[in-house]
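Colleague: Hi! Could you walk me through this model, please?
Modeller: Happy to, let's look at it together.
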Amino acid sequence: DGDDDDDDDDDDDYMQEAIEAEYAEASEAWAAAQREGNELCLELDVWADDLSATIEGLHAKGNEAVEALANAYLVNFCTTSLAVEIADLLLPPLTSISSFFELLWHEYVPPPDCADFVYALARVFTALPVAAFLCDLTVFGSPVVLANETLRAVLGFPMEEILGCEQATVLHPHERARRLEDGDEQETG
């Protein structure tokens, strides 16, 4: 019986060694897989950062191009007879057919000789990445007759408060507060 116990102990030792060897092998495989996974994650992070920087760069270049074109050619473009049709082809689709008319002051009726210009400008204003507005200098007070959503977002006012107001009142809230403070100081001083 002593031999059987020794055999059982040898078998137990052998099984224990086999289990420990398998465990060590599995642990090493797991550690290798973790290292490889970490390396892949780092590579993906670098790739994602590069892609993100590329996309941001392209977006910035696109905004610069639109701004440069707007500064250089907007008036000429808007006075062409095909301005609205070209804008519809080049610009993102409108969410509703009236959305660019919502940028116009409801009380304003453009003079007949420049109505097409104003409507084309309104259509282009919907896509400009910069704050923009148009005043009619032929009307008393030079009211804002056209403004885009970017301007509304920058100023923080509802469109109804921007459209129709005098040109001088289209100020960022911080600038408006500063000017009111300066005006109060001048009156009391």
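Modeller: One definition before we start: helices (H or I, at least four residues) and strands (E, at least two) are DSSP runs, numbered from the N terminus. This is a predicted model, where local features need pLDDT of at least 70, side-chain atom pairs count only at pLDDT 80 or more, and totals for chains, interfaces and linings use all residues. Residues are numbered from 1 along each chain as its sequence is written, and side-chain values use heavy atoms, with hydrogens and water left out.
Colleague: Great. Which helix holds Phe125?
Modeller: Phe125 is found in helix α3, which covers residues 115-125.
Colleague: And is Phe125 buried or exposed?
Modeller: Phe125 counts as buried because its relative accessible area is 5%; buried means under 20%, exposed over 50%, and partly exposed in between, using a 1.4 Å probe and protein chains only.
Colleague: How many residues of α3 are buried?
Modeller: In α3, 9 of the 11 residues are buried, so that helix is mostly covered. Among them are Phe117, Leu121 and Arg123.
Colleague: How far is Phe125 from Thr150?
Modeller: The two are 25 residues apart in sequence, and their C-alpha atoms are 9.1 Å apart in space.
Colleague: New topic: where does Ala147 sit?
Modeller: Ala147 is in strand β2, and it is buried, with a relative accessible area of 0%. From C-alpha to C-alpha, Ala147 is 6.9 Å from Leu104, although 43 residues separate them in sequence.
Colleague: What about Asp136, where is that?
Modeller: Asp136 lies in the loop between β1 (133-135) and β2 (144-147). Asp136 is buried, because its relative accessible area is 9%.
Colleague: What does the side chain of Asp136 make a polar contact with?
Modeller: Its partner is the side chain of Tyr108, at 2.7 Å. A polar contact is a pair of N or O atoms within 3.5 Å; within protein, one must be able to donate a hydrogen and the other to accept it, and residues adjacent in sequence count only if both atoms are side-chain atoms.
Colleague: Let's switch to helix α1. Is Trp47 buried or exposed?
Modeller: Trp47 is found in helix α1 and counts as exposed, because its relative accessibility is 54%.
Colleague: And Glu20?
Modeller: Glu20 also lies in helix α1, residues 2-78. Glu20 is partly exposed, because its relative accessible area is 46%.
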